[in-house]
Amino acid sequence: MLVNQLLHQAQMSPEKEICGLVAEKNQQQRIIPVNNVASDPQNLFEMEPKALIDAMRNIREADEQLFAVYHSHPQGTATPSALDSKQAEYPEALYLIIALGTKGVLELRGFRLLNHTFQSVDLHLV
């Protein structure tokens, strides 16, 4: 299940923000992790440019769509930062943020981008 995979990936790297893409075809999603090369990966994420380009090419070649962009907040909440909004470049995608900062509780929230402003969306497990 997509949610379990994302939460597991975040738990495996609790000291830095994880990031990547989710591709979709025929309502089947797959996660494409992308290395975080930010100068301060504990508080920021920056997808490695070549890996991001390769991932987007792979999505196109597999006749998939970009379903979501995801990253984690190891110390904070699952709320987009001002920098997250400023750097967001895929208005067609869902943005998923995983928070590890609450003791004993993992949080996953979804957002849509509208004029470089994130709007919260309800996530439903199916």
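**Pocket, cores and a proline**

Student: Which helices and strands each supply at least two residues of the lining of the second largest pocket?
Tutor: Strand S3 (65–73), helix H3 (82–87) and strand S4 (94–102) do. Helices (H or I, at least four residues) and strands (E, at least two) are DSSP runs, numbered from the N terminus. The model is predicted: local features need pLDDT of at least 70 and side-chain atom pairs 80 or more, while totals for chains, interfaces and linings use all residues. Residues are numbered from 1 along each chain as its sequence is written, and side-chain values use heavy atoms, without hydrogens or water.

Student: What counts as a pocket here?
Tutor: On a 1 Å grid over the protein atoms alone, a pocket is an open set of points where a 1.4 Å probe fits, with protein on both sides within 12 Å along at least five of seven lines; lining residues have an atom within 4 Å of a point.

Student: How many residues line this one, and which lie nearest its centre?
Tutor: The lining has 15 residues, with Phe45, Met47, Gln87, Ala88 and Glu89 nearest the centre. By type, 10 are nonpolar, two polar and three charged.

Student: Other topic. How many residues are in the largest nonpolar core?
Tutor: There are 22, and Leu21, Met47, Ile59, Leu66, Val69 and Tyr95 have the most contacts inside that core. Such a core joins buried Ala, Val, Leu, Ile, Met, Phe, Trp, Tyr and Cys residues through side-chain atoms within 4.5 Å; buried means under 20% relative accessible area, with a 1.4 Å probe and protein chains only.

Student: Which element gives the largest share of this core?
Tutor: H2, with four residues.

Student: What is isoleucine 59 in contact with?
Tutor: Contact means heavy atoms within 4.5 Å. Leaving aside neighbours within four places in sequence, isoleucine 59 has Leu21, Ala23, Arg30, Ile32, Glu64, Gln65 and Leu66 in contact.

Student: Where is proline 80?
Tutor: Proline 80 sits in the loop between S3 and H3.

Student: Buried or exposed?
Tutor: Proline 80 has a relative accessible area of 19%, so it is buried. Not counting residues up to four places away in sequence, proline 80 touches His73, Ile97, Phe111 and Phe118.

Student: What stands opposite phenylalanine 111?
Tutor: Serine 120, in S6. S5 and strand S6 (residues 117–121) run antiparallel, joined by five bridges; strands pair if DSSP finds at least two bridges between them.

Student: How many residues lie between the strands of that hairpin?
Tutor: Two, and asparagine 115 in the hairpin takes a positive phi near 55°.

Notes:
Ala, Val, Leu, Ile, Met, Phe, Trp, Tyr, Cys and Pro count as nonpolar, Asp, Glu, Lys and Arg as charged, and the others, Gly among them, as polar. Buried means under 20% relative accessible area, exposed over 50%, partly exposed in between (1.4 Å probe, protein chains only).
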